[in-house]
Amino acid sequence: MKKILSFCMAAIVGLGLYSCGSDNGSADAAPAVAAPTTTPTSANTPPAPAKPPHQEQAEAMSPTTVEWYEETYNYGQVPSGTVVAHRFSFKNTGDQPLKLTKVKPSCGCTTPEWSQEEIAPGAEGFIDVKFNSAGKSGMQNKSITVTGNFANFNKILKISGEVTAAE
């Protein structure tokens, strides 16, 4: 056992000396260069993901502000198979036209329709949401992500309620 341990220690020391190299005191040996202790940030940082076209479109427009009259809607209790409809209204409170570039529901059971044209400063717009409860039961929480040329470029609207067994 001592022979194996001695052999391993000798091998480790030998590898260490060999890997470090030696200039044997010769004058023409290249000077040792220290390896950098840090790497450039760009090498460590993955590239930023590409922005979706609808967000790029919103960011390219002059920003404005929006007042949402409500951001959540609870439809209470409905029997399965009921289609719940609700209108979210908002006002362009800024001094630039407002354009919604995308309105995306969290699932296929929720469908939105919205103001497609630019909304002038001071004017109001809408997002109509329909939730089809067919095949659903229990508490339901759905969201609609709205993208446009307003603060943070995205707003999440929510609808919720309970779907009971159909009678």
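In what order do the four strands of the open, antiparallel sheet stand?

**Ground rules.** I am looking at a predicted model, where local features need pLDDT of at least 70 and side-chain atom pairs count only at pLDDT 80 or more, while totals for chains, interfaces and linings use all residues. Residues are numbered from 1 along each chain as its sequence is written, and side-chain values use heavy atoms, with hydrogens and water left out.

I read the order as 1-3-6-5, with antiparallel pairing. Strand 1 (66-68) and strand 5 (110-114) are at the edges with a single partner strand each, so one side of each has no neighbour in the sheet. Neighbouring strands here are turned by 25° against each other on average, direction ignored. For that angle, axes are lines fitted to C-alpha atoms (for helices over the stretch in contact), and angles run from 0 to 180 degrees between N-to-C directions. I kept two definitions at hand: strands pair if DSSP finds at least two bridges between them, and helices (H or I, at least four residues) and strands (E, at least two) are DSSP runs numbered from the N terminus. A reminder to myself: strands of a sheet pair through backbone hydrogen bonds, parallel or antiparallel.

**Strand 5 up close.** I found strand 5 paired with strand 6 (residues 124-132) in the antiparallel sense over five bridges. W114 sits opposite I127 of strand 6, and T111 sits opposite K130 of that strand. Buried means under 20% relative accessible area, exposed over 50%, and partly exposed in between (1.4 Å probe, protein chains only).

I then traced another open sheet of four strands, with the order 2-8-7-4 and mixed pairing. Strand 2 (72-79) and strand 4 (100-105) are its edge strands, each pairing on one side only. From one strand to the next, the twist averages 20°. Strand 4 pairs with strand 7 (residues 138-148) in the antiparallel sense over five bridges. V103 has V146 in strand 7 as its bridge partner.

**Cysteines.** I checked for disulfides, taking one as a pair of cysteine sulfur atoms within 2.5 Å, and the count is zero. C107 counts as partly exposed because its relative accessibility is 22%. C109, at 13%, counts as buried.

**E59.** I located E59 in helix 3 (residues 53-60). Is E59 buried or partly exposed? Its relative accessible area is 28%, so E59 is partly exposed. The C-alpha atoms of E59 and F150 are 8.6 Å apart, though 91 residues separate the two along the chain.

**Whole chain.** I count three helices and eight strands, running α-α-α-β-β-β-β-β-β-β-β from the N terminus. Of the 167 residues, 26% are buried. Among contacts (heavy atoms within 4.5 Å) with a separation of 6 or more, 66% join residues 24 or more positions apart. I noted an accessible surface of about 11300 Å², with 57% of it belonging to carbon and sulfur atoms; such areas come from the Shrake-Rupley method with a 1.4 Å probe, and for residues only the protein chains shown count as cover.
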